[in-house]
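Here is a short tour for a reader meeting this structure for the first time. Start by looking at the sequence and the model below.

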Amino acid sequence: MTVARVRLRVNGHAVERTVAARRSLADLLREDLGLTGTHVGCEHGVCGACTVLVDGRTARACLLLAVQLEGAEVTTVEGLTPPEGLSVLQESFRECHALQCGFCTPGMLATAHELLAENAAPTRDEIRAAIAGNLCMCTGYVNIVRAIELAARRLAR
Amino acid sequence: MTGWVGRPLARKEDARLLAGRGRYLDDVCRPGQLHAAMLRSPHAHARIAGLDAREVAAIPGVHAVLTGADAAALSHPIRPLIPTAVPLDDWCLAVDRVRYAGEPVAAVAAVDRATAEDALETIRVEYEPLPAVVDPEAALRPDSPLLYPALGTNVLWHDVLAYGDVAGAFARADGVLRERFEIQRYASTPLETFGAIAEYDAGLDAYTFWTNDQRPGLTLAILADSLGVPQSRLRLITPDIGGAFGNKRRPAYLLVCALLARRAGRPVKYVEDRLENLGALMHACNGVMDVELAYRSDGTMLGLRVRDVADEGKNLISPTQHNLIKLGNIVNGYRIGAVSYEAYSVLTTKCPSGANRGIGKPFMCFAVERAVALLARRLRLDPAELRLRNYVAREEMPYTTPPGAQYDSGDYAATLRRALERFDYRGWRERQAHARAEGRLLGIGIATSVEPAGTNLASYELITGRRAASGSAEAAMVRLEPDGRVRAALGDPACGQGYETVVAQIVADELGLTPADVHVERGFDSATTPWLYLSGNYSNKFSVTDVGAVVGAARAVRDKLLRIAAHRLEAAVDDLELAEGQARVRGVPGRGLPLRELARTAYADVLGLPPGEPPGLEARHAHQNPLAQPLGADRTVRSQLVFSNAAHCCLVEIDRLTGMVRILRHVVVHDCGRELNPLIVEGMVHGSTVHGLGAALLEEFRYDANGQLLTSTFMDYLKPTAADVPDIEVDRLEHPSPFTPLGAKGVGEGGSIPAPAAVASAVEDALAELDVTVRSLPITPERVWRWLRGR
Amino acid sequence: MKPAPFDYVRARTLDEALAALDADSKILAGGQSLVPMLNMRLVRPTRVVDINALPGLDGVRARADGGLDIGALTRHSDVLTAPLVKERAPLLAAAAAHVGHRAIRNRGTIGGSLAHADPAAELPAALLALDASALIAGRGGRRRVRLDEFLVGALTTALRADEILIGIEIPDARGAGWGFAEVARRPGDFAIAGVAALVQGGRDRCDSARLVAFGAHERPVRLRGAESVIAGASASAALGEQAAARTAADCRPPDDVHATAEYRAHLVRVLSEQAVRDAMSRTAG
């Protein structure tokens, strides 16, 4: 079958769709579910703009077929945002001016989220290594590293 | 009138961007929209002998197809930027000939992108390949294959511009340094690719475009001409833009969408994918520069001769742009009294060239700063000392360079000294000596630059011989709404620079409010935003021209508020001030009116207005930067208007065994005059510097002899990641411009200009024992290894 | 960049997966190599067989002989962090750390990397150095193929169109010294060239070595000239350099947009020396 049904959870909500087998998770999120916070930058897995969390781990939404996600738990930037205001990580980004055009930011947040969940006090080098798979064309990365450091300190309290 | 401007405020736009609630072009969905895909030429150069798209209609979900022949029948050619000896018709799709691999030849609109791509595969095109020409110097030769045989040449422009006594300077010189430099093709590649949605209203015979085009004023003119529709029946809207840096414009794509939308009777969206973006949108010109620097034995630089060949690819829409901008920056920060610039703007069968971060200045600065570094080596002078001897001094400002650029303010010597201090230059020279003794290859490089802001389009008269557009101008609107809050709009769409915040800071200062009270419209909408042909995001013009429009509009509203308040309070206008959301009598607490109350008078209770005062509290203001002048009789021109400056110090270590270059430190001291928002300014310095580091070490669009792009994905075209660059250390001086509305100057391109030269000097310094000269970029590990191996 | 249309089968059992395979189908495991190719229409299978739901094909298990059994569907991230891998085949963990970035490693599988057989990939080379074998399932049963036979050429393996790689067997490497070195333009990129080394021996003598270069040939290649220098040699400080001097004859590196053959050959030499030195410092004793 060139179409298939898939049932998954996105940001805590159950979702069921019948989609073309060739449809990417990124397109499902953006077009079928209206969750346009996940961005597409290259469609070959290099730029990281489409990074989301799948079963708690980062993954490139452009390299996943939507139909593969049967039974999976997907978290996008919308799911990383509290109902009111911003998360500690997001607020740290804002204070440190860690975004300019904002296009890389959702993917960057997913990657930072995974890093801080595993490493509560990353060094600058560890931060840089962790985000090396997320391209940013605007910030030169300096403030992103500062923001993640700041968030780590705040979350540790 | 100060308070918010100058503060490092966090940005207002960030909350939505962080939450994933930005609205970029591909997030915009118009009811019934179709998706377009483009069929692109696999050949760099070929005649189109035939094109058969008849099978497309049979594919379910396809709603329209457009061929080059259709485009020629349904639209007027896109007018080239510069006149040519014979008219060169250029439509939004190739008609009888393709001139670069990736040039669009047909387009399809379908229910989704995947279906559109399926449909493309059914289109049969018969190509008759022609020889490619990929080297710009080869393209100059009389026997070169020609992109436009009717033109008889690939040279779109060739001229020699000379200023001052060049022959005399070279005759007087104690020596002449001669070098040839090359720059590679690269591009800023914003993370969001370019795209558009076109919607046609058959009843009104009108088009609406959503697009992340950064030059709406220019694009609307081209659309009107090509579609044969007056601008009053065109509307162009920009949403959030995911970075631009000059790359975000391609009117041809909007035309394709428009023609498909008209055919299909439904809106059509086209978003380039990354391969299309890398291969076919635009590259900064690569090229070759021959430099001759005449000097006295004490290091004083007397004259500069440059021969510059700029490779434009297949670019008719903006050729010569790189040449002109190089000319405006040719002497960098130095007092060089005689300059000769021979420029070629050459066509080749490659991706069109276009604006990029720095547009030509990175190469111009690379060539000059490399020449200065080599001169220092030749004369055994310290490279900082040589520069200090030749800088235009602070006291000489405003200083006019031979081609006519006016350096308005700045202390280039102080900038360099501060950079050396922040870098701990002396300390690192000692550490370097120790490291050398241990066999480690540490290198220190310096480069300094001027950074212009605000382009005066009159400079194009140098190319075209006539003045079609000129000056630097922008328009803005400020409106105090009936509820006392403020709305503002700017004809320059933000692409990440934080205009929603900075404009709010400026307006808040003028009206005695807080930035939270001022809503700045996201982006541009030609129906509601005031705009000019000159409107758009380019040339760092925000701080030097746009702010004038914002201030002018805000002040008009302020003045009106004061007049209404004076009338209602029965006070003199001069005794009133706007502060804390009120118009009040200075020094008399209690004698004031909130702005909301004044708005009620202006919008609702209009009988309460002063006699003769019309209702409303809205002002539109267009500001023309007074520094822009027409072309001088001696062919001098202020092609850009105010100049920031910067000094970069770079520390690298080279791995002896592999040739890998690691940047250990990169220090930037910059001076962009008054910083409207220091947090945003510093971010610009970080980001622009990393662009320069990428160009220095990683990025290169490489073509084979057949015009095929070899580095066509992000796996092969290498952008700098967080693991490739150090923390950029930034310090600042502030010499405000005496000539801009707020004393601010441009900062958007800054680091991208001198950073490549700083890295090149550092690598050369690390390899000093080998007497290596870095003349081209990027500096790859293999090149370093070959130097290490010796000749 | 959207794929051409294909059928999709989400296999629930190995037999179902095998039954679904034919000459025009592709196996979807991690997808980190396959999906970009699908997106660029560089491959156009009529059917994609998703094997991610097959039970029991992931995980790292200790073998009784001191080696490891690694399920083909084990994600690179899990190979990297598995205590058994660190203990019994640290060379593999070192190699896995160089694969792409975290998001890629979370999905990419060791079996996928091996089956894809990119000549510049780290894991096939490390596995060849470890003298691993591939466990393959087909309709007719199972077979085991040593890696030097499994890796045939660039993007080519001994897998037939109707077979699935289900596991990797690594013999006992405890006590062997290991070394891993590569040069890439940026961290996480495919290597320009690299070397994986496994040296058996004691404090004073090297008994044998397996040196594998990647990015140096059509497939990961044993540097037999260098190995022969090490075999039976006294463990001296210069041994690495001596071995490295004999690497060129075994390499036939490509010329491409990132590097010339000459530079790659040089890197193999330099990285061999480093890998051998590191391996020697890690041998037991």
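Chain A is divided into domain 1, residues 3–75, and domain 2, residues 88–156. The model is a predicted one. The C-alpha centres of the two domains of chain A lie 22 Å apart. Their contact takes 12 residues from domain 1 of chain A and 11 residues from domain 2 of chain A.

Which elements of domain 1 give two or more residues to the side that touches domain 2 of chain A? They are strand 3 (51–54) and strand 4 (57–60) of chain A. Strand 3 of chain A has the largest share of that side, with 3 residues. By class, this side of domain 1 of chain A holds 5 nonpolar, 6 polar and 1 charged residues.

**Chain A as a whole**

Chain A has 5 helices and 5 strands. From the N terminus on, they follow the order β-β-α-β-β-β-α-α-α-α. The C-alpha trace of chain A spans about 50 × 30 × 25 Å along its principal axes. How does the radius of gyration of chain A agree with that of a compact globule? For 157 residues, such a globule would have a radius near 15 Å, and chain A has 16 Å, which agrees.

Of the 157 residues in chain A, 64% are buried. Take the contacts in chain A between residues at least 6 apart in sequence: 60% of them join residues at least 24 apart.

**Where the chains meet**

Chain A touches chain B. Here 41 residues of chain A are in contact with 43 residues of chain B. On the chain A side, helix 2 (88–96), helix 3 (105–118), helix 4 (124–131) and helix 5 (142–156) each supply at least two residues. Helix 2 of chain A gives the most to this side, with 4 residues. The residues on the chain A side divide into 21 nonpolar, 14 polar and 6 charged.

Chain B also touches chain C. That contact takes 20 residues from chain B and 16 residues from chain C. On the chain B side, the elements that give two or more residues are helix 3 (113–120) and helix 20 (781–789) of chain B. The largest share, 4 residues, comes from helix 3 of chain B. The classes on this side of chain B are 9 nonpolar, 3 polar and 8 charged residues.

The table sets out the class make-up of these sides.

| Domain 1 of chain A, touching domain 2 of chain A | 5 residues | 6 residues | 1 residue |

**The nonpolar core**

The largest nonpolar core has 433 residues. Which of them touch the most other members? They are Ala36(B), Val256(B), Cys257(B) and Val759(B). Helix 16 of chain B, residues 542–569, gives the most to this core, with 13 residues.

Look at Ala36(B). Leaving aside its neighbours within four places in sequence, Ala36(B) has contacts that include Val256(B) and Cys257(B). Also among them are Ala107(B), Val108(B), Ala109(B) and Ala116(B). Leu260(B), Val268(B), Lys269(B) and Tyr270(B) are in contact with Ala36(B) too.

**A helix in chain C**

Helix 12 of chain C covers residues 261–282. At 1.5 Å a residue, its 22 residues should span 32 Å. The end C-alpha atoms of helix 12 are 31 Å apart, which agrees. Is this helix largely enclosed or open? In helix 12 of chain C, 16 of the 22 residues are buried, so the helix is largely enclosed by the rest of the structure.

Notes: Residues numbered from 1 in each chain as written. Chains lettered and ligands numbered in written order. Predicted model: local features only at pLDDT ≥ 70, side-chain atom pairs only at ≥ 80, totals over all residues. Rg over C-alpha atoms; globule rule 2.2 N^0.38 Å. Buried ≥ 20, exposed ≤ 12 C-beta atoms within 10 Å, placed from the backbone. Contact = placed C-beta atoms within 7 Å. Nonpolar A, V, L, I, M, F, W, Y, C, P; charged D, E, K, R; others polar. Core = buried A, V, L, I, M, F, W, Y, C linked by C-beta atoms within 7 Å. Domains from an automatic or database assignment. Expected span 1.5 Å × (residues − 1).
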